[in-house]
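Reader: I have some terms to check against the model. Please set each value beside its cut-off and then conclude.

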Amino acid sequence: MWLYRRGRLLLLLALSVLALDIYFHLWPKLLLRISRDCECPGPPLREAVVSLATGASVAPTSTVPGPPKLQKLFAHPLYQPQDPHTPVPQNLLLNYHRATGSYKKRVVHFNRKRQALHTSQNSSAPLTEAVFNLSAPWLQFHLEISRDALYPRSSRTVERLIDWMGNVTVISADLSPDEKALNGECDCSQVVKPSGTHLKVILQFLDFGKAMLKPMRQRREAETPEDFFYFVDYQRHNAEIAAFHLDRILDFRRVPPVAGRLVNLTSEILEVTPNEDLEWVFFVSPANNTCFFAKCPYTCKTEYAVCGNPHLLEGSLSAYLPSLSHAPRLSVPNPWIRSYTFAGKEEWEVNPSYCDQVKQTEPYTNMKRLLNMMDLAMFDFLIGNMDRHHYEVFTKFGDDGFLLHHDNARGFGRHSHDEITILAPVYQCCLVKEDTWLRLKLLSTPEYRLSDVMRESLSQDRLQTVLTEPHLLALDRRLQTVLQVVEECVQKHGNGSVIIKESRSQAVPTRVQQRAV
Ligand SMILES: Nc1ncnc2c1ncn2[C@@H]1O[C@H](COP(=O)(O)OP(=O)(O)OP(=O)(O)O)[C@@H](O)[C@H]1O
Ligand SMILES: [Mn+2]
């Protein structure tokens with residue numbers, strides 16, 4: 001009898017364990033697979049996966065049935081009219097014939113150089129040659145960059161590019177130019193600020209495209225500790241991915257497309273790099289995992305390494321911009337730069353009229369540039385990025401050109417904190433582009449709620465889950481703060497002098513001049 005009862009108990013226990021395993025492990029995986037295969041990113045299924053996989057709470061508003069909000073958003077009149085299919089050539093960043101001709105020559109040169117190195121090293125490993133292809137997504141991306149943005153609204157190139165970066169074969173890997181600048185290998189001082197403290201690798205693909213890899217350093221659930229300075233914070237690969245999606249949702253289109261990917265540190269970096277410096281920072285950990293660390297003046301220690309499991313590690317891949325010889329860029333210090341010391345304060349932090357000074361300084365005498373700074377500040381506030389020390393512009397487009405919003409890896413560090421000082425440009429200048437303002441208001445309505453469209457957009461990335469629920473919900477909260485700040489400005493200065501139509505490119509009036517009119 002006793003034995004019989006014990007047997008039943010054991011059977012019950014085994015069944016419960018099995019049920020729990022199915023519920024928490026197999027079911028979420030099955031849901032994920034179904035949702036990937038059937039391309040049905042409808043909110044209920046995706047959220048079921050998210051909540052099961054992360055234990056995160058799900059916003060009740062997002063279970064409303066209906067067409068995906070993201071699709072609806074991009075079809076909204078504020079995201080129209082679609083850009084002209086063929087922009088006039090002088091509005092494009094690159095000249096088609098010059099760029100394609102030069103890329104073709106570079107591929108030949110690249111293959112020849114690699115072959116020579118391979119022969120000189122007496123290597124028996126097979127060498128994969130780069131193959132140039134005119135329809136490659138990276139090339140289409142380069143050819144579509146215009147005065148208006150990094151990619152047109154109507155283009156399918158972004159989706160192709162994301163898909164491509166997640167799959168394409170890596171044939172070579174190298175250190176990024178700023179790390180090379182540190183080693184004195186290239187004269188990149190005009191365009192990059194050598195830091196080197198961060199792990200970054202340039203991956204070269206089979207079709208000659210390139211991407212900048214930032215490997216995973218921090219778990220998505222981890223929040224940056226309160227006592228960390230923004231300049232020692234980790235770089236987060238998922239922040240790079242999420243920032244790209246947010247930038248597209250805001251219709252800025254100023255972040256180069258970023259995709260998540262599981263990278264094989266051994267076969268896709270260590271075994272294909274011709275760079276000994278990069279090879280040198282690789283090691284095998286006591287747990288038998290492949291690891292590497294940043295070669296740099298300060299933190300060259302294995303404690304700062306990242307490791308595969310044993311080879312694979314998540315990373316963000318940022319589509320590479322055209323080379324500086326084709327499209328020179330200028331790195332400009334942010335007028336609202338923070339002090340990169342423990343106790344220092346910058347002038348904007350102590351002088352509430354700081355904006356009047358900025359308005360009288362080139363290139364901010366140009367209203368377009370100043371308004372672009374407002375966009376950047378709002379974007380940074382939403383992602384919680386305090387590390388915008390510089391921004392870049394394409395020299396071809398002059399002061400009217402858009403600002404590149406790349407390097408967002410220090411965003412999304414703390415979902416429980418909103419750093420209001422990131423909005424200083426907005427509350428000190430009291431300016432916003434009308435288009436931006438209207439879109440921000442749209443994204444605060446339940447129909448187009450920012451967290452919902454972001455959740456949908458991020459579900460298209462192959463890494464799941466890019467942002468945890470608290471980070472998504474923080475976006476809605478921060479958006480309310482941005483709207484409040486602008487509304488306070490409108491109350492103080494009036495609608496007309498705060499919300500500006502973008503076409504206006506006259507000199508910027510100071511508030512004193514405005515009052516005198
Ligand atoms: N997608 C890209 N295409 C081409 N160049 C890029 C791309 N992303 C970054 N870079 C270049 O590499 C430089 C360093 O990249 P990034 O700023 O993302 O790294 P970082 O480690 O945060 O550097 P820093 O400490 O200077 O902020 C950038 O200033 C830029 O010139
Ligand atoms: Mn940086």
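Author: The chain of this predicted model has 18 helices and 12 strands. Of its 517 residues, 36% count as buried. Among contacts between residues at least 6 apart in sequence, 73% join residues at least 24 apart.

Reader: Why is Asp387 called buried?

Author: Asp387 has 21 other C-beta atoms within 10 Å. The term requires 20 or more, so Asp387 is buried. Its place is in the loop between H12 and strand E10 (390-394). Leaving aside neighbours within four places in sequence, Asp387 is in contact with Tyr230, Phe231 and Arg410.

Reader: What does the UniProt record say of Asp387?

Author: The unreviewed UniProt entry carries the annotation "active site" at Asp387. Such annotations may be inferred rather than shown by experiment.

Reader: And why does Leu463 count as partly exposed?

Author: Leu463 has 19 C-beta neighbours inside 10 Å. Buried takes 20 or more and exposed takes 12 or fewer, so Leu463 falls in between and counts as partly exposed. Leu463 lies in the loop between H15 and helix H16 (469-493).

Reader: What makes helix H15 largely enclosed by the rest of the structure?

Author: Nine of the nine residues of H15 (residues 450-458) are buried, so the helix is largely enclosed. Charged residues are among the buried ones in H15, including Asp452, Arg455 and Glu456. Leu450, Val453 and Met454 are also among the buried residues of H15.

Reader: How do you know that E5 and E7 are edge strands?

Author: Strand E5 (282-284) and strand E7 (306-307) each pair on one side only. The sheet is open, has three strands in the order E5-E6-E7, and its pairing is antiparallel.

Reader: What makes E6 and E7 a pair?

Author: Two bridges join strand E6 (residues 290-292) to E7. Pairing needs at least two bridges, so E6 and E7 pair. Cys291 has Cys307, in E7, as its bridge partner.

Reader: Which domains does the chain have, and what is in the contact of the two?

Author: The domain assignment gives domain 1 (89-319) and domain 2 (329-516). Their contact takes 38 residues from domain 1 and 41 residues from domain 2. On the domain 1 side, the elements giving two or more residues are helix H8 (237-249), strand E4 (258-264) and strand E8 (312-319). H8 gives the largest share of that side, 10 residues. The residues of the domain 1 side divide into 17 nonpolar, seven polar and 14 charged.

Reader: Where does the largest nonpolar core draw its residues from?

Author: The largest nonpolar core has 98 residues, and those with the most contacts inside it are Leu203, Ala242, Met374, Ala377 and Leu431. Helix H12 (residues 367-383) supplies the largest share of this core, 12 residues. The core draws at least three residues from each of domain 1 (89-319) and domain 2 (329-516).

Reader: Which residues does Leu203 touch?

Author: Not counting residues up to four places away in sequence, Leu203 touches Val170, Ala173, Lys210, Ala211, Leu213 and Leu317.

Notes: Residues numbered from 1 in each chain as written. Chains lettered and ligands numbered in written order. Predicted model: local features only at pLDDT ≥ 70, side-chain atom pairs only at ≥ 80, totals over all residues. Domains from an automatic or database assignment. Contact = placed C-beta atoms within 7 Å. Helix = DSSP H or I, 4+ residues; strand = E, 2+ residues; numbered from the N terminus. Core = buried A, V, L, I, M, F, W, Y, C linked by C-beta atoms within 7 Å.
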